[in-house]
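This report describes selected local features of one protein chain.

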Amino acid sequence: MLFTMVLCFALTISVAVSIGLAAVFGIYIGNVNMLVSVKEMFSSINKFPLAAIPFFILAGNLMETGGISRRLVDFAKSLVGGVQGGLPMTCVLTCMIFAAVSGSSVATTFAIGAILIPALIKHGYPTPWAAALQATSAELGVIIPPSIPMILYGVSAEVSIGELFIAGFGPGFLIGFALMLFVYLICKKRGWGKNDGDGRLPLWTAFADLGIILGAVGLLLIGSRYIAPAVLDRGLSEQTMERYSHLIGVTLFAAYFIVLSCIPKLRASLNGRAAYALMMPVIILGGIYGGVFTPTEASAVAVIYALFVGMVVYGEISLKDLLPIFRKSTLSSAVIMFIIANAGLFAYLITRAGVPDAIGVFLKEWLQSPMLFLLGVNAALFIIGMFIETSASIIVLAPILAPVAVHFGIDPVHFGIIMVVNLALGMITPPFGVNLFAACTVAKISLDRIVTQLIPFVLVVLTCLMLITYIPGISLFLRDLVYAK
């Protein structure tokens, strides 16, 4: 199977088809019914959480066309764009913000890369380096919540998804800031980005946008926690009281933006800045953590909000723009889902051969201390992540490895974060790195040109992974704060 796959790569056959052909060859030599290929490919994409992928890709394209992504970029650029190397730092920071909306690294690559990769090239950055930066930064889409791989780990290992989400913020910020420091030092060394600050908005505009968001969130909390208990009948049931409390808070929240929009000068100013764009992660994360909707449902909410802001608030999307947006989103979703389907078939054959079980038994028998166990797991996951799609790896390996981790006294939430961060590296490592395919598509370059530029970025993320692995507090500090035992 590996020989077939490598041969297909050498013949420049597309990655998805190469994986599929290798898997079909494995079915043939294993004397398995060929109908299994259709069944497993369908099963690989017949998962409710995967419905978030087309929705988030659509939301990303709506954000791109509707001006939301551009305003997020302008916001990030006003914060960090004034220094040398500010534009690649803007790329990382924007991906951190977008990650709190998308839950998908591929959607982040398309939505932010479509704006920043051409901008980086225009400012003199090498095209392969710009694409590698974007692919790596977009990895934060599955580390900073909401995150589909975290949901899959929580279900597979029977761990609280809420705790996993809270635990993901520390590692996400660590990797994001490490990447920002790295690109700053690289730009200083190579003399890149001396004019990155050209055309950026003043710093005060970013703080003004943040102030508007804080005001809206403050009214929401005041309405639901203080005004609602004071005006509602205390004889109401707890569930009814909670529902009406949320309704009063949301009403104040909406009224706040309606009032701002009724002031002509302020409305014109807000339409050119990022306040409405920044409201998107607040609504998505607030809805998830408030129990209003699931992360997969949040993807549909993201589409509705992006459509409303793009068409009604910013007015940059017209009816004639919708068909090209839907077509682009459909094609992008089809490409990614086809890769996942073929990778799922490949993963099925590897699982059928007993490879994951063999790895689990080997780690349990030969690695007798927690430190050695974590080192061995990281090495194994890094290699597995290169060949098997992240979600498939988690579904297969989490039930095997999580109990072993608990046996060694490792917190299952901490171990889940290690698995997600490690397997997320598979999104930026050949041969199956979906972020690489997306970034190369946006940058219009071949995969071989980006590989050498990836190595430093992968090393940065690996260094952060080691810190996350051996300093549990990075992941568990916020978890322990919020979920006090």
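I471 has a relative accessibility of 42% and therefore counts as partly exposed, the class between the limits of 20% and 50%. The model is a predicted one. I471 is located in the loop that links α22 and α23 (473–482).

**The nonpolar patch**

The largest contribution, three residues, comes from α18.

Helix α18 also holds N378. With a relative accessibility of 5%, N378 counts as buried, because the value is under 20%. The side chain of N378 forms a polar contact of 3.1 Å with the side chain of T469.

The two residues with a stated accessibility are set out below.

| Residue | Relative accessibility | Class |
|---|---|---|
| I471 | 42% | partly exposed |
| N378 | 5% | buried |

**Helix α10**

Helix α10 comprises 30 residues (161–190), and at 1.5 Å a residue it should therefore span 44 Å. The C-alpha atoms at its ends lie 43 Å apart, in agreement with that expectation.

At its start, a side-chain oxygen of S160 comes to within 3.2 Å of the backbone nitrogen of E163. After α10 comes G191, which has a positive phi near 75 degrees.

Methods:
Residues numbered from 1 in each chain as written. Predicted model: local features only at pLDDT ≥ 70, side-chain atom pairs only at ≥ 80, totals over all residues. Heavy atoms only, no water. Helix = DSSP H or I, 4+ residues; strand = E, 2+ residues; numbered from the N terminus. Expected span 1.5 Å × (residues − 1). Polar contact = N/O pair within 3.5 Å; in protein donor to acceptor, adjacent residues only side chain to side chain. Buried < 20%, exposed > 50% of the residue type's maximum accessible area, 1.4 Å probe, protein only.
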